[in-house]
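Let us walk through this structure together, one region at a time. Please keep the viewer open as you read.

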Amino acid sequence: MSDNVHPRIVVIGGGTGLPVLLRGLKQFPVEITAIVTVADDGGSSGKIREELNIPPPGDIRNVLAALSDVEPLVEEM
């Protein structure tokens, strides 16, 4: 492969495993696409889903934090 082309990886899922996997993958020179499921119905995400009638944001938030370069700061927020 040339220096300008990186392997492309697509990950599909949700829950606690996906952010862990993405934290590891972002250490390599790859292009990452994450397709995040939003079927969470427990905890805070479940309450948000019921009260606001929107998809639960928990897993998406965790994936964004995992892929972020300022991850500790994002996770504190």
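Predicted model: local features only at pLDDT ≥ 70, side-chain atom pairs only at ≥ 80, totals over all residues.

**A walk through the model**

Searching the whole structure turns up 1 salt bridge, a term that stands for a side-chain nitrogen of Lys or Arg within 4 Å of a carboxyl oxygen of Asp or Glu. Arg8 and Glu31 form this salt bridge, with 3.6 Å between the closest N and O atoms. Since Arg8 sits in strand β1 and Glu31 in strand β2, the pair ties together parts that are 23 residues apart in sequence.

Residues are numbered from 1 along each chain as its sequence is written, and side-chain values use heavy atoms, with hydrogens and water left out.

How exposed are the two partners? Arg8 is exposed, with a relative accessible area of 70%, whereas Glu31 is partly exposed at 38%. Here buried means under 20% relative accessible area, exposed means over 50%, and partly exposed lies in between (1.4 Å probe, protein chains only). Of the 77 residues of the protein, 21% count as buried.

Now for the overall layout. The protein has 4 helices and 2 strands, where helices (H or I, at least four residues) and strands (E, at least two) are DSSP runs numbered from the N terminus. Read from the N terminus on, the elements follow the order β-α-β-α-α-α. Strand β1 (residues 8-13) pairs with β2 in the parallel sense over 6 bridges; two strands pair if DSSP finds at least two bridges between them. Glu31 in β2 is also the bridge partner of Arg8. Together with helix α1 (residues 17-25), β1 and β2 make a right-handed β-α-β unit. Right-handed means that, with the strands pointing away from the viewer, the path from the first strand over the helix to the second runs clockwise.

Which residues make up the largest nonpolar core? Val11, Leu18, Leu22, Leu25, Val63 and Ala66 do, 6 residues in all. Such a core is a set of buried Ala, Val, Leu, Ile, Met, Phe, Trp, Tyr and Cys residues joined through side-chain atoms within 4.5 Å. Both α1 and α3 (58-67) supply at least two residues each to this core, and its largest share, 3 residues, comes from α1.

Helix α1 also holds Gly24, which counts as partly exposed at 35% relative accessibility. In the loop between α1 and β2 you will find Gln27, exposed with a relative accessible area of 61%.

Finally, look at Ile35 in strand β2 (residues 31-36). At 44% relative accessibility, Ile35 counts as partly exposed. In the loop between α2 (43-52) and α3 lies Asn53, which has a positive phi of about 55 degrees although it is not a glycine. Asn53 is exposed, with a relative accessible area of 70%.
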